[in-house]
Amino acid sequence: MRGLGFDMLFKIITFFLIGMAVLAMFGKVKIPGQKRLASARCSRCGRFKIGKGPCPCTKGVR
């Protein structure tokens, strides 16, 4: 009967560590289009540029 508690604790710890390893693998996966999203930001203010025009932070400043 005493071994039953140890077996259950061992299984819980094992499944927890396997779950953490799976989450770590998913964390390293590169998302497609991530590079394009980074280049869509304004270099001055960091906001996303919408459309083909200039960023609103540069409007009126010439």
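Student: Where do Phe6 and Phe10 lie, and how many residues apart are they?

Tutor: Helices are DSSP runs of H or I with at least four residues, strands are runs of E with at least two, and both are numbered from the N terminus. Phe6 and Phe10 both sit in helix H1. They are 4 residues apart, about one turn of the helix. This is a predicted model, where local features need pLDDT of at least 70, side-chain atom pairs count only at pLDDT 80 or more, and totals for chains, interfaces and linings use all residues. Residues are numbered from 1 along each chain as its sequence is written, and side-chain values use heavy atoms, with hydrogens and water left out.

Student: How many helices and strands are in the chain?

Tutor: The chain has 2 helices and 0 strands.

Student: How many aromatic pairs are there?

Tutor: A pair of aromatic rings is described by the distance of the centres and the angle of the planes. Rings of Phe, Tyr and Trp (its six-membered ring) pair if their centres lie within 6.5 Å; planes under 30 degrees apart count as stacked, over 60 as edge-to-face, the rest as tilted. By this rule there is 1 aromatic pair.

Student: Why is the pair of Phe6 and Phe10 stacked?

Tutor: Their ring centres are 6.4 Å apart and the planes meet at 25 degrees, so the pair counts as stacked.

Student: Are Phe6 and Phe10 buried or exposed?

Tutor: Buried means under 20% relative accessible area, exposed over 50%, partly exposed in between (1.4 Å probe, protein chains only). Both Phe6 and Phe10 are exposed. Leu17, also placed in helix H1 (residues 2-27), is exposed at 53%. Buried residues make up 3% of the 62 residues in the chain.

Student: Which residue lies over the face of Phe48?

Tutor: A charge sits over a ring if NZ of Lys or CZ of Arg is within 6 Å of the ring centre and within 35 degrees of the ring normal. Here Arg41 lies over the face of Phe48, 4.2 Å from the ring centre.

Student: How many disulfides does a search of the whole structure find?

Tutor: A disulfide is a covalent bond between the sulfur atoms of two cysteines. The cut-off is a pair of cysteine sulfur atoms within 2.5 Å. The search finds 0 disulfides. The sulfur of Cys55 has its closest cysteine sulfur in Cys57, at 3.6 Å, too far for a bond.

Student: What is the relative accessible area of Cys55?

Tutor: Cys55 has 4%, so Cys55 is buried. Cys57 has 24% and counts as partly exposed.
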